[in-house]
Amino acid sequence: MAQTDNKKFFENLTGAGKAIAVLTSGGDAQGMNAAVRAVVRMGIYVGAKVYFVHEGYQGMVDGGDNIKEATWESVSSMLQMGGTVIGSARCKDFRTHEGRLKAAHNLVQRGITNLCVIGGDGSLTGANLFREEWSGLLAELVQQSLIDEEAAQKYSALHIVGMVGSIDNDFCGTDMTIGTDSALHRIIEVVDAIMTTAQSHQRTFVLEVMGRHCGYLALVSALACGADWVLIPEMPPEDGWEEKMCQKLSATRSRGSRLNIIIVAEGAIDRHGKAITSSIVKDLVVQCLGFDTRVTILGHVQRGGTPSAFDRILASRMGVEAVLALLETTANTAACVVSLRGNQSVRLPLMECVQMTQEVQKAMDEKRFEEAVRLRGRSFENNLKTYKLLAHRKPESELPHSNFNVAVLNVGAPAAGMNAAVRSAVRVGISEGHKMFAVSDGFEGFYKGQIKEVNWADVGGWTGQGGSLLGTKRTLPAKHIEKIAEQMRQYNINALLMIGGFEALLGIMELLAARGTYEELCVPMVMVPATVSNNVPGSDLSIGADTALNTITDTCDRIKQSASGTKRRVFIIETMGGYCGYLASVGGLAAGADAAYIFEEPFDIRDLQSNVEHLTEKMKTGIQRGLILRNENSNENYTTDFIYQLYSEEGRGVFDCRKNVLGHMQQGGSPSPFDRNFGTKIAAKAMQWITKKLSESYRQGRVFANTEDSACLLGMRRRAMVFQPVVQLKDETDFIHRTPKEQWWLKLRPLMKILAKYKTSYDVSDSGQLEHVVLSRPKESEAMAAI
C-alpha cells in the first residue's frame, strides 16, 4: 500500500521503550480474550513490551507472578475461548489507598505506565482514580524509599485506555459492549429450543434474563424472538399491566398460536419501584388464564460459551485501537474508552461515559423513566419503539385506513433474517393502515400472479426461521415487465418493498427504467439489502451476512479443534461471496486466519510462496495449526485445489494440509440475533418511508410517483440509516463483478495480517478521534446495524 499525503500510517507511531499492561476486571464477558489477544499482538508489533495482569486489580495489588510478560505465542488459540483466560476478580484492596499504592509500586518496578483495562463502569472508574492519584502515589513511594527520584520522574504519568466488557450493554456512549452479542446468542439459542417444547404442550414460558439495571438483553431478545411481553427496568409497565398482559396472551392464543413467551429482565420493576420477578409473572398467568406456565432462569449461561463473530471482530478492532490510543497519549491526555459507532472506531472521554451511565440510574431511581430510555441512547430508544409497534396490535377501530395496497417480495438467494424483515414490514404496514400483500417466489411469482393478502397472524413466529418462507428466485423483471404491470393493476398495488441482494438492486433498476412505458410502475419502491455476500452498493451491511459469518467462524473453530493433538496442520477453507471478499476477510479476522485470498486484493504465486514460508516459520515456534480462507471467485487459476496442492507440496515435512468447501451451509441455519434485529428494524423503517411517500404522491384519487427519490435503497452507511435513490448508486457499482466500487471492510484486512504476524501498512487516518458523549450522538444512529 503506497503512502499518500492524506493518509496517516501507524509506522510513524512507535511503542519502543513503552510497557503496556492489560487486565480484565469485574464480571467476565465473551470476547475479552479476543481483546487481550489484539492488545498483546498489536503491542508487540509496534515494539512495546506487553504484560498480562492476572486476576484483575487483585493481581495488580498482589504483584509477583500475577504480572507476567506476554509473548506472541502466549495468546494463540485464545480467540475462540469464552470468559477471560487471564482471570478476573472483584477487588476490595484496590478500593483502598494502600492497595493502590502497592499496585503503583508493582507497575513502576516493571516500568509499566500504560494500562489497558477491559471491564465495566466500576472497573474503568477505578482505573481513572488510579491515574489521577498516580503522581501522589509515586511521591509516597519515594518518601518510603521504595523507588528513587529518577524512577518517579521517568514514570511520572500513567496512561489509561478502557474497553467495555459487559454482557448487559449498560455503558453509555458505546453502541455495543464486548460480550453483548454473544449473550444474545445464548438467550436466543435457549428461546428457540423452548419454543419447540412450548408449542408441543401449548405452554406459556417466562424467561428471566440478566440485566439488573439495564433491560437491553431482555428488550433485544424479545425483538429477536417476537416475544408476547417484555418487562425491563428502564420502562416499567403502566399500572394495570397485569390485566393488559393477560388480555394480550389470550388474544394471541385465540388467533391460533399454541405458545406464549414472556421475557423478564432480572431488574424489572413496576411504576412504584416494586420488583416484578419471573415467579410473580408465572403466578399471574396461572391465576388469570389457567395456562400451563413454566419459568426458565438463564443465569450464568448467558456469560458462557464461545464469543460470536461480532464480538471477536469488535474486540479485535478495539484492542488494536486501544494500543494506537496509548501510543498517541501525552501527559495531558484524559483517560478514554475506545468503542464502535456504526462501523467507525471512536474514542470517548472515560469519565463522560461513566457520568452519563450514572445519570441513567439516577433517572430510574427518580422515576423519570422516559428520560432513562432517552439517556440509554438512540439505539435503545429505537429498539423499544420497534418492539411496541410489532408486538402490540391495535384494535381495528384505532387503525388508520389508508386504502393503500403494499406488496412485499424476496428477490435473489435466500438469506437468514429475510423472514424477520417480512414479518416486520407486514405488521408495520398493517399498523399504518395499509393492506399488505405477499408475493411468492420473487419476480417470477409476481408475473405469474402468486400474490395474496397477508394479515397480522400470518407472520407470527417468522422471526427465528431461516431461509425465505415467501420463496425467492433470481429471476429479473425486465422480460416480464408487461405481466408484472398487469398484476400491479389487477391487485391495485400502490407500493413495493423488495428484500434481497444484488438481483433486487438490478430488479428495482429495471422497474424504474420501465416507468416511462407503464404507469403502474410509478409507485414508491424501496429495497432492503439481504444477502450473505454483503455485496450490495449503498449499504455497509446486509441482512444474512452476520449469520453466515457465525457459520464460518464456528466451522473454522471445529476444524482447528480437529487438529489438536495431531501433527502440524494447515486448513484451506473456501467461502461464498461471489467476487466480494467480505466473508473471507471478516471471517478470517473472526477466526484468526493466517491469510484470506480475495478478488479485491490481487495475489500471485510470490504471495502464495510468501504465505507458505510464513506458516513454516510459525510452525517452528510451536504453533500447531494454520488457517487460510479463500473467497470462491478470488482467482480463476489459483483455485482452492491449486492452493491446497501447492501448500501440501511446499510444506512437506513441516505440515500437512486439509481443504474444506463450506458451500451452502453459509446460507442456511436460523438467523443470528443481529440479523433478526437488523431485518426487523430496517424493514420497519422502510415501511414508514413507504407510508410517507404514499401520502406525498397521492393526487386526484391515485398514487403517482416517478421522481428519482421514489425508488430507493435503504442501507447503513457508517453511522446512519440512509435512503438513497437507486439511480445515484449506478456510479458506485461494478456491475460486471456485482460489487460496490468502494468497500469499507477492506480497511480491516491489515488488522488480520498484523494479528497473524505479517509486516504491513495500516492506515490509521480513519481511526478513532476523541469525541464527546452527548454531542456525538448522530442524527439517525442505528448502532452496528442497531442491535
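Author: What follows takes up salt bridges, a helix, a strand and the nonpolar cores in turn. This is a predicted model, in which local features need pLDDT of at least 70 and side-chain atom pairs count only at pLDDT 80 or more, while totals for chains, interfaces and linings use all residues. Residues are numbered from 1 along each chain as its sequence is written, and side-chain values use heavy atoms, with hydrogens and water left out.

Reader: How many salt bridges are there?

Author: A salt bridge is a side-chain nitrogen of Lys or Arg within 4 Å of a carboxyl oxygen of Asp or Glu. By that rule there are 34 salt bridges. In one of them, the closest N and O atoms of Glu133 and Arg100 are 2.7 Å apart. Glu133 belongs to helix H4 (residues 121-143) and Arg100 to helix H3 (residues 97-109), so the pair links distant parts of the chain, 33 residues apart. Helices here are DSSP runs of H or I with at least four residues, and strands are runs of E with at least two, numbered from the N terminus.

Reader: Which parts does the salt bridge between Asp192 and Arg676 tie together?

Author: Asp192 and Arg676 meet at 2.7 Å, N to O. Asp192 lies in helix H6 (residues 180-201) and Arg676 in helix H22 (residues 673-697), so their bridge ties together parts 484 residues apart in sequence.

Reader: Is Arg676 buried or exposed?

Author: Buried means under 20% relative accessible area, exposed over 50%, and partly exposed in between, with a 1.4 Å probe and protein chains only. Arg676 has 0% relative accessibility and therefore counts as buried.

Reader: Which strands pair with E5?

Author: Two strands pair if DSSP finds at least two bridges between them. Strand E4 (residues 114-119) pairs with E5 in the parallel sense over six bridges, and Leu115 has Ile160 in E5 as its bridge partner. Strand E10 (residues 336-341) also pairs with E5 in the parallel sense, over two bridges. There, Val161 stands opposite Cys336.

Reader: Why is E5 (residues 159-164) described as largely enclosed?

Author: Six of the six residues of E5 are buried, so the strand is largely enclosed by the rest of the structure. His159, Val161 and Met163 point one way, Ile160, Gly162 and Val164 the other.

Reader: Which residues touch the most other members of the largest nonpolar core?

Author: In soluble globular proteins, nonpolar side chains tend to be buried together. A nonpolar core is a set of buried Ala, Val, Leu, Ile, Met, Phe, Trp, Tyr and Cys residues joined through side-chain atoms within 4.5 Å. The largest core has 189 residues, and Met163, Ile263, Leu496, Leu497 and Tyr582 touch the most other members. Helix H10 (residues 309-328) supplies the largest share of this core, 13 residues. A second, separate core of 42 residues includes Phe94, Ile147, Tyr155 and Val346.
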